[in-house]
Structure formats: C-alpha cells, structure tokens
Amino acid sequence: MGQVTYVSFDGEQTVVDVPNGDNLMQAAIDNGISGILGDCGGGCACATCHCIVDDAWAAKTGEPDEIELDMLDGVVDPKPNSRLSCQITMSDELEGLVIHLPESQF
Amino acid sequence: MSETVVIIGAGQAGCDMTAALRQQGFDGRIVMIGEEPVLPYRRPPLSKAYLSDEMTEEQLYIKPASTYEKQNVEVITGVRVERIDRAAKNVTLANGEVIDYTKLAFCTGGHARRLPLPGAEKPNVHYVRTIADIEKLKAQFLPGKRLLIIGGGYIGLEAAAVGIKKELRVTLVEAMPRLLARVTGPELSEYYYCVHSAKGVDIKLGAGVDALEGGELVERVVLADGTRLEADVIIVGIGLIPNTELAEAAALEVDNGILVDQQCRSSDPDIFAAGDCANHDHGFLLRRMRLESVPNASEGARVIAATICGKEAVHNGAPWFWSDQYDLKLQMVGINQGYEEVVIRGSMEENSFSAFYLCGGVIISADTVNRPKDFMVAKKLVAGRVKADAATLSDESVELKSLIA
C-alpha cells in the first residue's frame, strides 16, 4: 500500500491509497477519479488511461514496452513522460508517486 | 422533489453510468439493479484470461463494493426487475420492492443466443456470457478433452485459442463459408483460418449443425452433411440477443434493441438505454446500429449521464473493438459494411499488418493485427472520414500519420 497523487488537468490534486500490485488505472477507477477512463479494462488496447508521470518520478516508473509506446504515439498531446496508467503497477518504490492527467483521453 | 436515477442492469454500461453521473455533478439518488449475484464485472476476459485461469473473479470486478459506497451508489444484485410503470414512474423488483425514478436507464445487455436443437440444455453444452457460464465450463475444460465449438465469431475463436493453450483437442464448426463473416472482410477471415489451423484447431466451414446426439451428455454433433463429430465439451458462440423484454412490456419502441436517439433517449424522454441492449441513431455512422462492445457501452453511459445533468453530449464516436487470440492483438475501428476496396499494409506472414476498408475513397474502417500504432492513427483517419488511395496506404515508407488532415 502506498499513496499516489493524481493531478487533474486543472491542477486539482487527489491523493489515494493504492495496494501494491494494483495498476494505477484501476486505482483511479476505484477512487472515482475523473480523467482516466480505462475502456479496455487494462489490456493496453485503448489508450484511454493516459497519464504523465511527474518528472521527479519518471525514472522509477520504468520504461513502457513496445506495445505501450506504440499506443502512446497516438494519444492526444503525448509528452516525454507519458504512460498508460494501466501499465504502471504499484510497489513500495512508488510510495508518494505523482502523476498528471491530460486534458482529454480522446 | 429530489432526483432518482434508476439503472436496470449492473454491467459495464450501468457501472460506468454511476461513476459518470457523480463526476458530472449529479447529487440525487442512484440505484443500480442487476440480476446476476455479483458486482459489475468486465466480460471480455471471460473468453480469454478468466477461462484460462489467469484472472480471478475479483479481478473481473470493475471496482470494489467500497467504491460504490463512497460514491453513494446503491447497488442491488441478484434481483430482477419485474416491471416498469411509466405513468407512476416506478420499477417493481422481483422481491416486491418498488422504487420511484425521475430518470430510468436500461443497461440490460443481452444473453447468448441459444442453440435451437433438442439436447442443447444438457450439462456439457456451454455459453460464454456470464461468470456462472465460465465456472460451469471450467470444470470440464480439461487437457485432452474434445472441445467442439459451434460458431466462428470472436467468442468461438477466442475460446478456441484458450482451448489450444489448455491442451484440449479443438474442433470449430461455422455455418457460414468463412470465419468472422459478420464483422470482417474475407482477407482477415482467411488469415484467422490459417492461424487457428496452424495452432491445431480443426475448422469446418459451411458446416451447419443439424442435431445433437447422446445420453445424459451430448456425445456427438451431427452436421448438415451427415458428418458426426465426437465431443466431450461443447461451446456455443452464435451471437447475442438484446435483453429488451422489459422495455417491450413497457411499450417502448424496440426493434433489434431499444430504439434511442443520439442522446441515448428512448421513445419516453425520461428513459434511456446504452450498451448491447440499445439500437441507437449513431452520430458518427449516421444510421441506426446496435453495437456489442465495451467502448460502445461506456460511451453510451457517459452520454446518458451528461444528458441527465443537462450537458450537451451525443453518442458519435467511431466504434472500435478488440480481440486477443494467441499472441495476436486485433484492434478494429469503424464498421466496414458497404466497403468497395480493401488495402493491406504490412505482412500477414509476419503477423503484423493492417487492413483498411475504403468506400468512395474514404477510409471507413480498419482492422489492425499487432499494430497498435496503426490502430491509433486509424481511429483518427476513420473518425475524420479521411480519403486515401490504395497505393499510399499500402506503402510502408509513407507514414500513416501524414494522412491525418
């Protein structure tokens, strides 16, 4: 279990507790956070759970794999730290993680 | 009077609507009623990761009970809605409870089309729609068993892929002359035929089923040409019937789904429908369509929530779909009905290609296999009704992205 801060496009911060092993798309859905859709349920098939990892955390969340990179290529306004939140799994190392949400998922 | 939204059906659309209503600022009462005994869950993994034991029942749940509590959403499971009184604006549940509504939403989904043959009720004949279906199937889904799948659509093919993975002996029969006949072009049908055949699925096309033979269990399936196929386990995947009985009983307009407009509103302005049960006037396809997909259910749910909250929203996204079989990631966008030309980009031999369907030079649909990048661009090309010619689309030295207007 660790805390993750979701920052909406408007700057509103929501801090949620995320169990280790859960992905950050699911955690957003579980906590009713708007701005993350997750239409495909975490299958890396829809890219509607796009988030931007805070610069300070980019190294710790790891690199997207090839499929995720390809999906990210098509999201609205991709950034260097863009990730699909369904592909980030909570762990002790990510305690305190901050992620930013885009203006739109499509 | 305070507002109450009653949602009939606790699947993807119903669940997404509860969240969307709160996110849009709805502060009235929300009651969601489902007839299955469990919380709303994701159905796509039923024929994939859940059948192959790579996912638990809890992991199927879209969200835990605590989330509904936090959002002040009342979830009633394991209870059917018996009737709707549109004049009094209430619903009566099977347990006798009566709930008043100010707005009502049908998210009733559908049920698997039954095989209309004697013997189809026997315990080794299975369908793939609910957790209960899969629990019953899993007990018989064992290595070495002879699995016979009736129907070469997505459900049948995904089940075949899991059957091979779990070392069953898999035969698949399809009444049409090709696989996926209803949803894709002959090129993709042929490709998936080759893939499944190479993996060991014995596929029989143009093979209608005439009879089921056996004792306590079905032991043989008799095809129209008289061929008898021995089987231990049978899966029937021959389509979905929308659940519209309640809507019909309430005298709403129904024609292959509950008829709704671009705001997902039925012939009664206080009653909406979304997901598999709705036949909507589609804002992008510009015709009536009943779609069966999670993205369609989610979009419809969001449109209803926005409409109830007095915001402008129309159901007009380009529909998209996905299917996972073996290590193939198939992603599709648009509806290819009426296409005049198909263009292949990439290599079927290398299992990395996209098929673009053109009508009047406009890209109306695309099927991509292991090409998520193409898929993401194709969504924009289809949504933008972009024109392209075959030579450009098939030329890999031309970036697809460059076609986006």
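This is a predicted model: local features need pLDDT of at least 70, side-chain atom pairs count only at pLDDT 80 or more; totals for chains, interfaces and linings use all residues.
**View 1. Chain A, fold and dimensions.**
Chain A contains two helices and five strands. Read from the N terminus, the order of its elements is β-β-α-β-α-β-β. The C-alpha trace spans about 30 × 25 × 25 Å along its principal axes. A compact globule of 106 residues would have a radius of gyration near 13 Å, and chain A, at 12 Å, agrees with that.

**View 2. Chain B, fold and dimensions.**
Chain B carries 10 helices and 26 strands. Its C-alpha trace extends over about 65 × 60 × 35 Å along the principal axes. For 405 residues, a compact globule would have a radius of gyration near 22 Å; the value for chain B is 22 Å, in agreement.

**View 3. Chain B, division into domains.**

**View 4. Chain B, the interface of domain 1 and domain 2.**
Here nine residues of domain 1 of chain B are in contact with four residues of domain 2 of chain B. Together the two domains bury about 580 Å², with 47% of that area on carbon and sulfur atoms. On the side of domain 1 of chain B, the most area is lost by Tyr41(B), Arg43(B) and His111(B). These three residues account together for 50% of what that side buries.

**View 5. Chain B, polar and charged pairs between domain 1 and domain 2.**
Four residue pairs are in polar contact across the interface of domain 1 of chain B and domain 2 of chain B, both residues being at pLDDT 80 or more. On the side of domain 1 of chain B that touches domain 2 of chain B, the residues comprise three nonpolar, two polar and four charged. One salt bridge is counted between these domains. In chain B, Arg129(B) and Asp276(B) form a salt bridge, with 3.2 Å between the closest N and O atoms.

**View 6. The interface of chain B and chain A.**
In this interface, 24 residues of chain B are in contact with 24 residues of chain A. The buried area is about 1,900 Å², and carbon and sulfur atoms give 52% of it. Polar contacts number 11 residue pairs, with both residues at pLDDT 80 or more. On chain B, the elements that each supply at least two residues of the side touching chain A are H3 (65–70), H8 (294–308), E22 (320–325), E23 (328–334) and H9 (372–383). H9(B) gives the largest share, six residues. By class, this side of chain B has 10 nonpolar, five polar and nine charged residues.

**View 7. Salt bridges between chain B and chain A.**
Side chains of opposite charge can pair when their charged atoms come close. Two salt bridges are counted between chain B and chain A. Asp39(A) pairs with Arg302(B) in a salt bridge, the closest N and O atoms lying 3.3 Å apart. Lys401(B) and Asp73(A) also meet through their side chains in a salt bridge, at 3.3 Å from N to O. Lys401(B) sits in the segment after helix H10 (390–394) of chain B, and Asp73(A) in the loop between helix H2 (66–72) and strand E4 (82–84) of chain A, so this pair joins two chains. Over all chains, the structure holds 27 salt bridges.

Definitions and conventions
Residues are numbered from 1 along each chain as its sequence is written. Chains are lettered from A and ligands numbered from 1 in the order in which they are written. Side-chain values use heavy atoms; hydrogens and water are left out. Contact means heavy atoms within 4.5 Å. Buried area is the accessible area (1.4 Å probe) that two parts lose on being put together, summed over both. A salt bridge is a side-chain nitrogen of Lys or Arg within 4 Å of a carboxyl oxygen of Asp or Glu. A polar contact is a pair of N or O atoms within 3.5 Å; within protein, one must be able to donate a hydrogen and the other to accept it, and residues adjacent in sequence count only if both atoms are side-chain atoms. Ala, Val, Leu, Ile, Met, Phe, Trp, Tyr, Cys and Pro count as nonpolar, Asp, Glu, Lys and Arg as charged, and the others, Gly among them, as polar. Helices (H or I, at least four residues) and strands (E, at least two) are DSSP runs, numbered from the N terminus. The radius of gyration is taken over C-alpha atoms; the globule rule is 2.2 Å times the number of residues to the power 0.38.
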